[in-house]
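Biologist: Let's go through this one term by term. I want each label set against its cut-off.

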Amino acid sequence: MPTVNSKAVITIIPKNALIKQYQELHNIISSGNITQFTYDDVKEKLKDLDEDPNNPNNIICVLTGKSMDKNAFGASGRNYWNREHIWPKAHGFNSESLMPYTDLHHLRAAEQYTNSTFHND
């Protein structure tokens with residue numbers, strides 16, 4: 001199995017370039033120009049983010065890969081979808097008032113039945 005020489009990576013990316021990228025990212029994050037979505041907003045955003053490329057009326061579910069009607073949200077059963085936190089809420093953000101709870105990087109559309117039986121303790 002090939003190995004990676006971490007010193008080679010450091011010499012390829014100049015330190016001043018890394019510092020500049022860090023500073024630019026820090027400026028973006030600390031600028032206050034961050035939008036916190038409501039949990040309901042996220043549902044609407046997922047309809048676009050997880051849209052089925054073969055059927056624009058559907059979304060693709062993260063846990064099953066199943067294509068489902070975008071409007072079949074919220075009820076119980078195999079024919080409905082909801083939101084799945086791909087980073088477990090139990091690991092640091094268990095309240096809707098915390099930004100990561102509705103962070104679109106943490107959420108995907110998921111088949112409701114599968115999501116309700118999936119445990120990530």
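Modeller: Start with arginine 83, which stands opposite alanine 109 in strand 5. This is a predicted model, numbered from 1 along each chain as its sequence is written. Local features need pLDDT of at least 70, side-chain atom pairs count only at pLDDT 80 or more, totals for chains, interfaces and linings use all residues, and side-chain values use heavy atoms, with hydrogens and water left out.

Biologist: What makes a stretch a strand or a helix?

Modeller: DSSP runs, numbered from the N terminus: helices are H or I over at least four residues, strands are E over at least two. The chain has four helices and five strands. From the N terminus on, the order is α-α-α-β-β-β-β-β-α.

Biologist: Why is strand 5 called largely enclosed?

Modeller: Because five of its five residues are buried. Buried means under 20% relative accessible area, exposed means over 50%, and partly exposed lies in between (1.4 Å probe, protein chains only). Both faces of strand 5 are covered. Leu107, Ala109 and Glu111 are on one side, Arg108 and Ala110 on the other.

Biologist: What makes arginine 108 count as buried?

Modeller: Its relative accessible area is 19%, and the cut-off is under 20%, so arginine 108 is buried.

Biologist: Why is the contact of arginine 108 with aspartate 50 called a salt bridge?

Modeller: A salt bridge is a side-chain nitrogen of Lys or Arg within 4 Å of a carboxyl oxygen of Asp or Glu. Here the closest N and O atoms are 2.8 Å apart, so the pair qualifies. Arginine 108 lies in strand 5 and aspartate 50 in the loop between helix 3 and strand 1, so the pair ties together parts 58 residues apart in sequence. Aspartate 50 is buried too, at 10%.

Biologist: How many salt bridges are there in the whole structure?

Modeller: A search finds seven. One of them joins glutamate 51 to lysine 70, with the closest N and O atoms 2.6 Å apart. That pair links distant parts of the chain: glutamate 51 is in strand 1, lysine 70 in the loop between strand 3 and strand 4, 19 residues apart.

Biologist: Is glutamate 51 buried, exposed or partly exposed?

Modeller: Partly exposed, because its 33% falls between the 20% and 50% limits. Lysine 70, at 12%, is buried.

Biologist: What makes lysine 43 and aspartate 40 a salt bridge?

Modeller: Their closest N and O atoms are 3.3 Å apart, so they fall within 4 Å. Both lie in helix 3, three residues apart, about one turn of the helix. Lysine 43 is buried at 17%. Aspartate 40 counts as partly exposed at 47%.

Biologist: Which strands stand at the edges of the three-stranded sheet?

Modeller: The open sheet has the order 1-2-3, with antiparallel pairing. Strand 1 (51-52) and strand 3 (67-69) are at the edges, each with a single partner strand, so one side of each is left without a neighbour in the sheet.

Definitions and conventions: Pairing = 2+ DSSP bridges.
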